Amino acid sequence: MIRKALVFALMGLALAAPSTKVEEGLAKTLKSEGAANIFVTFRGGNNEAINQIGTLTFASRPDKVNHLVNNLKSLTESSQKNALSLLKARSSSYRQFWASNELYIKGANAELINSLAALPEVREIRQELIITLEPLVTGGISINEEWNIEKVEATAAWALPGGNNGDGVVVSNIDTGVRSTHEALSGNFRESYGWFDPYDGTNSPSDGNGHGTHTMGILAGAGGIGVAPGAQWVACRGCGDITCTESGLKQCGEWVLCPTLPNGDSPDCSQAPQVVSNSWGGGQGNTFYNDIISAWKAAEIIPVFAIGNGANGGATCGTANSPGDQDVIGVGSTTSADALAESSSAGPSVEGRLKPDLSAPGVLVRSAWGTSDNAYETVTGTSMAAPHVAGAATLLLSRNPNLTYAQVKDLLEGNTDRSLQDTGAECGGIPSTQFPNNQYGNGRINVRKALEAAINA
């Protein structure tokens with residue numbers, strides 16, 4: 001998993017009342033640097049816009065997503081009007097995030113922060129998070145090239161009477177980018193509304209790290225490496241080659257909800273994917289992405305997150321990372337022998353939530369690589385596990401596009417393999433042989449079983 005080093009500056013400077021709204025860590029940065037890039041959140045977040053969607057019926061999913069986005073944008077304008085007046089009077093550099101009802105402000109000083117904190121509608125002011133990419137664990141010899149695809153019985157799912165390989169579904173990832181010209185990925189890249197790069201504004205997909213190409217290959221790659229090779233894929237570059245900024249990740253979150261052209265123009269919410277795979281994260285109990293996730297769910301987009309590589313020697317309890325430890329499908333990692341991967345983070349979450357929700361192959365997994373159009377690499381991490389689950393969700397949606405997030409999650413969790421190796425540890429008082437547990441979750445996914453259950457429902 002692309003993991004952490006969430007850079008929270010720790011704190012110190014005395015801010016004028018009401019300072020309780022200002023994150024403690026912001027003060028030290030202001031004292032030493034004089035200014036900081038900040039996020040301003042507003043009372044109620046995006047709840048009002050999302051709750052209204054639940055009371056209405058729509059003729060189609062595009063209608064629903066369009067209505068949701070319009071509601072979110074309207075709420076953002078009304079919530080932020082006083083804050084915007086302050087910013088415009090100071091010629092501040094800012095960006096409105098309509099999906100989460102937040103303001104991102106570059107180079108905010110203490111005077112501006114005090115003025116914003118004085119507004120009754122402001123809930124919190126904090127420094128932008130920066131997530132540092134964890135070095136990739138590459139190399140090694142797997143038992144066979146596509147053991148992971150065999151283990152989850154993806155090919156058997158494709159061959160079922162009424163089975164499928166993901167056709168008719170659009171999937172996405174938020175990662176370091178994707179090499180779209182790779183032989184395993186070029187055939188099912190959706191070029192129209194298929195790419196966004198909030199860092200460099202590039203017009204076509206690229207990947208200077210390799211991580212995003214690898215995870216997309218597991219999700220939708222051809223040639224036997226992907227769980228859902230019949231799906232079309234799109235991607236947003238949420239991370240640079242070394243770090244992921246909160247502003248970049250949230251721009252990608254909005255783009256997934258309502259894709260634009262690469263230059264950010266001509267949004268078309270009907271182009272929103274149905275599944276989003278995320279192999280990034282860091283810290284614990286951090287809710288910074290929850291409003292984006294809530295908007296995705298309201299738009300019928302299934303969010304899947306890696307749970308993190310925080311364990312040391314396996315089953316280190318209480319190491320689950322955010323956002324995977326939030327109300328999403330959080331995924332842990334297993335070996336070819338159905339043992340828990342040594343580095344796979346375990347629950348419970350700091351809030352006491354059972355995590356991970358599911359496990360999938362994540363050790364010595366071979367997939368596409370970003371160095372050339374026919375390059376492949378064997379990589380280890382929960383980053384590799386998450387797209388297996390995203391691919392499984394894709395097959396379920398191909399069978400029945402009307403499945404809700406809860407129904408997809410239930411099908412995946414209720415049809416796992418549970419003959420997994422005992423770790424000998426108990427996390428949250430639950431041994432690894434009792435399901436669900438805080439090490440394997442509800443078990444290691446079995447795509448065939450889940451799809452068979454959906455077919456027979």
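**Reading a predicted chain by its values**

Q: Why is Glu 300 called partly exposed, rather than buried or exposed, in this predicted model?
A: Glu 300 has a relative accessibility of 31%, and because buried means under 20% and exposed over 50%, with partly exposed in between, Glu 300 counts as partly exposed.

Q: What makes the backbone of Glu 300 stand out, and where does the residue lie?
A: Phi of Glu 300 is near 65°, a positive value in a residue other than glycine, and the residue sits in the loop between α9 (290–298) and β12. Most residues other than glycine have a negative phi. Asp 338 also has a positive phi, of about 60°, although it is not a glycine; it lies in the loop between β13 and β14, and its relative accessible area of 9% is under 20%, so Asp 338 is buried.

Q: How do you know that Asp 175, His 211 and Ser 383 gather at one spot?
A: These are the residues that UniProt lists for "active site" in an unreviewed entry. They span 209 residues in sequence, yet no two of their C-alpha atoms are more than 10.0 Å apart, so they gather at one spot.

Q: Why are Asp 175 and His 211 called buried?
A: The cut-off is under 20% relative accessible area; Asp 175 is at 1%, so it counts as buried, and His 211, at 2%, therefore counts as buried too. Asp 175 belongs to strand β7 (residues 170–175), whereas His 211 belongs to helix α7 (residues 211–220), which lies across β7, β9 (232–237) and β11 (275–278) and runs at about 155° to β7.

Q: Why do β8 and β14 count as the edges of their sheet?
A: The order of this open sheet of seven strands is β8-β9-β7-β11-β12-β13-β14, with parallel pairing. β8 (195–196) and β14 (358–361) each have a single partner strand, so one side of each is left without a neighbour in the sheet.

Q: What makes β12 and β13 a pair?
A: Strands pair if there are at least two bridges between them, and three bridges join β12 (residues 302–306) to β13 (residues 329–334), so these parallel strands qualify as a pair. Within β13, Ile 329 is the bridge partner of Val 304.

Q: How do you know that Cys 317 and Cys 427 form a disulfide?
A: Their sulfur atoms are 2.0 Å apart, and because the cut-off is within 2.5 Å, the two cysteines form a disulfide. This pair links distant parts of the chain, with Cys 317 in the loop between β12 and β13 and Cys 427 in strand β17 (residues 426–427), 110 residues apart. Cys 317 is partly exposed at 34% relative accessibility, whereas Cys 427 is buried at 0%. The structure holds four disulfides.

Technical notes
Residues are numbered from 1 along each chain as its sequence is written. This is a predicted model: local features need pLDDT of at least 70, side-chain atom pairs count only at pLDDT 80 or more; totals for chains, interfaces and linings use all residues. Side-chain values use heavy atoms; hydrogens and water are left out. UniProt positions are given in the numbering used here, feature names are shortened, and annotations may be inferred rather than shown by experiment. Helices (H or I, at least four residues) and strands (E, at least two) are DSSP runs, numbered from the N terminus. Buried means under 20% relative accessible area, exposed over 50%, partly exposed in between (1.4 Å probe, protein chains only). Contact means heavy atoms within 4.5 Å. Axes are lines fitted to C-alpha atoms, for helices over the stretch in contact, and angles run from 0 to 180 degrees between N-to-C directions.
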